[in-house]
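Hi,

Here is the structure I promised to pass on. Have a look at it first, then read my notes below.

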Amino acid sequence: MIIVLRENTDKGKLENLTNWLTSQGLKLHFSEGLHSTILGLVGDTTAIDIDLLKALDIVEDVKRIQEPYKNANRKFHPADTVIEVGGVKIGGGTFQIIAGPCSIETQEQITSVAQSVKDAGASILRGGAFKPRTSPYSFQGLGAQGLDLLIAAKEKTGMPVVTEIMNLERLPLFDKVDIIQVGARNMQNFDLLKELGKTRKPILLKRGLANTLEEFIMSAEYIMAGGNEQVILCERGIRTFETATRNTLDLSAIPVLKKMTHLPVFVDPSHATGVASLVAPMALAATAAGADGLMIEVHNDPPHAWCDGAQSLTPQAFADLVKAVQGIRPFAYSYQKEA
Ligand code: PEP
Ligand code: MN
């Protein structure tokens, strides 16, 4: 349920209202907009009398929220959420590109890719240390040592970094990591989501291989219910009957998610297509459809990458793509302009 408050509400009356609502076992969520303040109620509101609330002179309107997600709901928080990491703003009309290799291999590799993607216009560095691989015989990532190499590249280039967590027990190792990634395969690892909800680090949550958008947002809701409201959603392709691409990029997820939630929406065309030559067209399409940013795999020597070489761009191809993306940005769909 949301309560739209009138402008310049009397502080005493508002306090009486919030005290009463809290005494009913509800959690309150304030969202200050340009013209009105929205008070979101989380919990069981079935016993709350809407007409009684509407009769209060500090209340403009009261609406029930049908959707199961509350904190992530655009109705709770009409303005875009803006997340800041290391001086980089994500969401709210900004556009950020996360780039880097699938996995961290050596200090030279991660530092050289970091420097080239930074020079080309990326603002956040990616690199996997704990890799969720389909085969147990494939390279599993450098683990804790990989994180050290990533942090060294961060210190060298000044770029904030994002890397994936697979196991809760590793959380203490992520201290210097700016954004923690939850991969597609862990989107519904609810214990992991709950624990990340207790942290105050931004979380990049990837859509599960076969999950609906509502399930995707419910996973964000798990993190937010713990008090961590800094969630970035990332569409990375879903399973369909098509085999020409690694997954099928769901472009419509972008405007749909922007309407359903206030969270930033990113797109990963690398894992969506699995083919380097398809990354640019899909990145441009995602930009045009209103994504808040992109995540792109880039490798200094794709044919010899330890993981996902076929979908990795060379630093030069990435630099060309960034220029093309910048050309499209002024014409991109904007939910806020539309709304
Ligand atoms: C990744 O970004 O490194 C990754 C493994 O992606 P996904 O979880 O989307 O497959
Ligand atoms: Mn990869």
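**What I found**

E67 sits in the loop between β4 (59-63) and β5 (83-85); helices (H or I, at least four residues) and strands (E, at least two) are DSSP runs, numbered from the N terminus. Before going on: this is a predicted model, where local features need pLDDT of at least 70, side-chain atom pairs count only at pLDDT 80 or more, and totals for chains, interfaces and linings use all residues. Residues are numbered from 1 along each chain as its sequence is written, chains are lettered from A and ligands numbered from 1 in the order in which they are written, and side-chain values use heavy atoms, with hydrogens and water left out.

Beyond its neighbours within four places in sequence, E67 is in contact (heavy atoms within 4.5 Å) with N73 and K75.

Next, the helices. α5 (residues 190-198) and α6 (residues 213-225) pack at about 40°, their axes 6 Å apart. Axes are lines fitted to C-alpha atoms, for helices over the stretch in contact, and angles run from 0 to 180 degrees between N-to-C directions. On the α5 side, the contact is made by F190, L193, K194, L196 and G197, and on the α6 side by S219, Y222 and I223.

H271, in helix α8 (residues 269-273), and D308, in the loop between β14 (293-297) and α10 (315-328), are 37 residues apart.

Cheers
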